[in-house]
Amino acid sequence: MQRVSRRELIGVALGAAAVGGAAGEPAREDLAPGKRTRYIAAYDTESPGCLPACRTIVEVHRRLQMPATFFITGRTLEAHAQEYKELWSDPLFEVASHTWSHKLLRDNALCGRAVSADEKKEEICKSKELIERIFERPCLGLRPAVGFDTGLKGAADVLALVREAGYQYVSSLLWGPDCSMPALLEEPFHYGTDGLAEVWELPGHGWHENLLKNHNRWGSRRLTLWPAPMPEAIPAGFVKTPQDEFEVNRVFLEKAVETGKPHVSLIWHPWSLLAFDPQMKMLELTFAHARRLGMRPGTYADLRREVGG
Ligand SMILES: [Zn+2]
C-alpha cells in the first residue's frame, strides 16, 4: 500500500526535483521523510579477508554517521567473534545472516547447484543462532549466498526453513532477469503467494561489485541482457578506480530516487572492496551522493519495519 502511494503521489515529483527539475516542483526537503528513498549500505561478509576490510569500513561509517547492514556467514563470525562484536555493537549497525558457510540454497545458473536438505537447514538456522548469541539481539534477516534471479519464489523447502528459523526478511533477489547483471531496482514484496506473508523479500541492487572488478577471475562472460533494461548501468569494461565504481553506483541511486523506489542497496563484499580501494574512497563518494540526493540512510531492518509494519 505504501508503495503505491509513494509512487503515485511522490515519485514523479521527487524524480524531477532530484535531477534539478522545473520551478514549482517540491524540493526534496519538503517531502515527508517516510516518502523518500532509503539508502542502505550493506556488506556480504564471508571470508578471512573481510575482517581487516571491516575495520576500515566501520571507521568510515562511524565518521560519516552512516548506518549499515552487515550480513555475515556463521563460520566467518565464529573465527573472530570478539573482533566482530567490538566492531559492530554500535547501534548504527544491523548484523544479519549470510548463511552458515556460504553454501547454495537453490540452483544458480552461474554459481552452481543447491546443497542437500540437511545442509540447507544448517545454512539457514545455525548462523542466526550464533549471531543472536554473540550480539545479544535478534537477527532478522538472511541473505543467501550468491542470491537468485527469482529470489526464493517457489522454493518451498527453503522458505519453510526460513519460517522455522524465525527470520522476518530475506534478501535473496540479487540478479537481473535470466541470471543477468546488474540486479534491477526491484521493490520489496512478501512471500504470501508461497504461504509466507510475514516474510518479506528485500532485494539488493546493481552489480555484485567483485564482478565489476574481475575479482572472481571470471573474465568475459555472458552476464548482461540484450536489449539491456539499464544500458546506462553497464560500463564498457572492468572498473579501474574508485571513481569509476562510483560512476556505476550513482546510476542506481539516481534512478531509484527519480522513480520513487522505496530503497536502493548495492551488493558489496568487504574483501573485494579492500583489495580494490584500501582507503574506501568509493564509500565516501557514494554516501555523499546519497545525502546529496536527499535519500534516507538506514538498514534492512529499518526497511523491514516500514514495509511490513
Ligand atoms: Zn556471499
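Me: At what angle do α8 and helix α10 pack, and how far apart are their axes?

Reply: Please bear in mind throughout that this is a predicted model. Two packed helices are described by the angle between their axes and the distance between the axes. Here α8 and α10 (residues 281–292) pack at about 30 degrees, and their axes are 9 Å apart. Angles under 35 degrees count as roughly parallel, so α8 is roughly parallel to α10. The crossing of the two helices is right-handed. On the α8 side the contact involves Pro242, Glu245, Phe246, Asn249, Arg250 and Leu253; α10 contributes Lys281, Met282, Leu285, Thr286, His289 and Ala290.

Me: Which residues of α8 are buried?

Reply: The buried residues of α8 are Pro242, Glu245, Phe246, Val248, Asn249, Phe252, Leu253, Lys255, Ala256 and Val257. Among them, Pro242, Glu245, Phe246, Asn249 and Leu253 also take part in the contact with α10.

Me: What span should helix α8 have, given its 17 residues?

Reply: At 1.5 Å a residue, the 17 residues of α8 (residues 242–258) should span 24 Å. The C-alpha atoms at its ends are 24 Å apart, which agrees with that expectation. Just after α8, Gly260 has a positive phi of about 65 degrees.

Me: Where does the model show a positive phi in a residue other than glycine?

Reply: Most residues other than glycine have a negative phi, and most peptide bonds are trans. Arg217 has a positive phi, near 60 degrees, and is placed in the loop between α7 (209–212) and α8. Met280 also has a phi near 60 degrees; its place is in the loop between α9 (270–276) and α10.

Me: Are Arg217 and Met280 buried or exposed?

Reply: Arg217 is exposed, because 5 other C-beta atoms lie within 10 Å. Met280 counts as buried, because it has 20 C-beta neighbours inside 10 Å.

Me: Which peptide bonds are cis?

Reply: The bond from Met181 to Pro182 is cis, with omega near -5 degrees, and Pro182 is in the loop between β6 and β7. The bond from Trp226 to Pro227 is cis as well, with omega near -5 degrees; Pro227 is in the loop between α7 and α8.

Me: What is the order of the strands in the open sheet of three strands?

Reply: Strands of a sheet pair through backbone hydrogen bonds, either parallel or antiparallel. In this sheet the order is β10-β1-β12, with parallel pairing. Its edge strands, β10 (263–264) and β12 (296–298), each pair on one side only. Three bridges join β1 (residues 38–40) to β12, and Ile40 stands opposite Gly298.

Me: How do β6 and β7 run relative to β8?

Reply: Strand β6 (residues 169–170) runs parallel to β8 (residues 196–201), joined by two bridges, with Tyr169 opposite Trp200. Strand β7 (residues 189–191) runs antiparallel to β8, joined by three bridges, with Phe189 opposite Glu201. β7 and β8 form a hairpin with four residues between them, and Gly195 in the turn has a positive phi of about 85 degrees.

Me: Which residues is Leu142 in contact with, leaving aside its neighbours within four places in sequence?

Reply: Leu142, in strand β5 (residues 141–142), is in contact with Ala96, Ser97, Ile124, Val162, Tyr167 and Val170. Leu142 is buried, because 28 other C-beta atoms lie within 10 Å.

Definitions and conventions
Residues are numbered from 1 along each chain as its sequence is written. This is a predicted model: local features need pLDDT of at least 70, side-chain atom pairs count only at pLDDT 80 or more; totals for chains, interfaces and linings use all residues. The expected span of a helix is 1.5 Å times one less than its number of residues. A residue is buried if 20 or more other C-beta atoms lie within 10 Å of its own, exposed if 12 or fewer, and partly exposed in between; C-beta atoms are placed from the backbone. Two strands pair if DSSP finds at least two bridges between them. Axes are lines fitted to C-alpha atoms, for helices over the stretch in contact, and angles run from 0 to 180 degrees between N-to-C directions. Angles under 35 degrees count as roughly parallel, over 145 as roughly antiparallel, 65 to 115 as roughly perpendicular and the rest as oblique. A crossing is left-handed if the near helix is turned anticlockwise from the far one by less than a right angle, and right-handed if clockwise. Two residues are in contact if their C-beta atoms, placed from the backbone, lie within 7 Å.
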